[in-house]
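Please keep the sequence and the three-dimensional view at hand while reading.

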Amino acid sequence: MTTSINLVELAVAGVQRLVPYQPGKPISEVQRELGLTRVSKLASNENPLGPGSKVLAAITQAAQNITRYPDGSGFALKAALASQCQLAPEQITLGNGSNELLELVARTFLQPGLAALFSQHAFAVYPLVTQAAGADAIVVPATDYSHDLDAMRAAITDATRVVFIANPNNPTGTWLEAKALENFISSLPASVICVLDEAYHEYQPETRRPHSSAWLAKYPNLLITRTFSKAYGLAGLRIGYSLSSPELAELLNRVRQPFNINSLALAAAEAALADDAHLQRSLQINRDGMWQLEQGFTELGLSWLPSAANFISVRVGDNAGVIYQQLLAKGVIVRPVANYQMPEFLRVSIGTAEENRHFLSALTALLKA
Ligand SMILES: *Cc1c(COP(=O)(O)O)cnc(C)c1O
């Protein structure tokens, strides 16, 4: 006999309290629901240029062999990454998006009674993986929308097992100076795993980009995560990687699913890594688009948070949620960030010049109405 049962009560405590991640709206959904044809998605920090032709050729080639399981060790891609980062392949772990690496860290190091620490306005996946593991999430207030490293250091207790830092940070776009960041990492107890999330690493100007991979030799508790989803334009394939000590990588490898990266993603990432010209074009589009949006905001009298990434958070005021909806009605998808305690802001991904124009003209029409 079936008796009614509250399944939520069967879920582990951490999951009972979880609120699912809210992704940016897909273009097809907005077209379907609002009956629009022209839709610009500036909501998920994707590369507006898309992948290069070499990536597409590599995927076509790899598609010949999808009857086989992928190379579960990711040998060729790890070799290419190792050579680029001047590390050993044993220091690299591949993830189904860098989000999977965040989850592997939580599953490897967190449990009830332990805590993970991160900043206010930090990436939503940190509390998600922490709570799912049943651990406590300690949120440290930010200063001027940026990580307050001194306050974060002071908030560490014996229960703290993981610290998450995003540099540059999403959704603020703020960045940390290399020296301050390394000082922070060196100040951590050896028992605290420091996850340095560099999803937007490539967008930082060379002069400002910390040479973080060189720190790994000194800090066996450091794990750097990067992704092919942003600057490399492969968000749909789900592939990211981490750099760490071999010991840390070996632990994550125990928890990882044997074939977590599919063969098309492996081939595409390898090809993307080899196509520096495409990466440079992508970075240039981003610089131009950032300038275009900043100019537009200036003309509208709006302020924004200076960003080192491929998005920008603009302060539109108390009715940001309404403006978000009105932009949607005009076919422009951006991201409301009230859930990041930034209720007056909208986060806008840098698009092509045409997409940026679409957004700016829609915003101008709304604000002038
Ligand atoms: C986009 C993003 C990621 C990861 O995305 P994946 O597609 O899973 O690689 C990680 N951290 C931050 C801060 C991000 O914005």
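The model is predicted.

**Ligand site**
- The residues surrounding the ligand are G97, S98, N99, F123, N170, D197, A199, Y200, T227, S229, K230 and R238.
- By class, this shell comprises three nonpolar, six polar and three charged residues.
- A backbone N or O atom of N99 is 3.0 Å from a ligand oxygen atom.
- The side chain of Y200 places an N or O atom 2.5 Å from an oxygen atom of the ligand, and a polar side-chain atom of T227 also lies 2.5 Å from a ligand oxygen.
- Of the 390 Å² of accessible area that the ligand has on its own, the protein covers 94%.

**Strand β2**
- Strand β2 spans residues 92–95 and is covered on both faces, with I92 and L94 buried on one side and T93 and G95 buried on the other.
- Strand β8 (residues 240–244) runs antiparallel to β2 and is joined to it by four bridges; within β8, Y241 is the bridge partner of L94.

**Salt bridges**
- K25 and E33 form a salt bridge with their closest N and O atoms 3.7 Å apart, and a network of salt bridges links K25, E29 and E33.
- K25 is partly exposed at 23% relative accessible area, whereas E33 is exposed at 52%.
- R107 pairs with E103 in a salt bridge at 3.8 Å; both residues lie in helix α6 (residues 98–109), four residues apart.

How values were computed:
Residues are numbered from 1 along each chain as its sequence is written. This is a predicted model: local features need pLDDT of at least 70, side-chain atom pairs count only at pLDDT 80 or more; totals for chains, interfaces and linings use all residues. Side-chain values use heavy atoms; hydrogens and water are left out. A residue is near a molecule or strand if one of its heavy atoms lies within 4 Å of it. A polar contact is a pair of N or O atoms within 3.5 Å; within protein, one must be able to donate a hydrogen and the other to accept it, and residues adjacent in sequence count only if both atoms are side-chain atoms. Accessible areas come from the Shrake-Rupley method with a 1.4 Å probe; for residues, only the protein chains shown count as cover. Ala, Val, Leu, Ile, Met, Phe, Trp, Tyr, Cys and Pro count as nonpolar, Asp, Glu, Lys and Arg as charged, and the others, Gly among them, as polar. Buried means under 20% relative accessible area, exposed over 50%, partly exposed in between (1.4 Å probe, protein chains only). Helices (H or I, at least four residues) and strands (E, at least two) are DSSP runs, numbered from the N terminus. Two strands pair if DSSP finds at least two bridges between them. A salt bridge is a side-chain nitrogen of Lys or Arg within 4 Å of a carboxyl oxygen of Asp or Glu.
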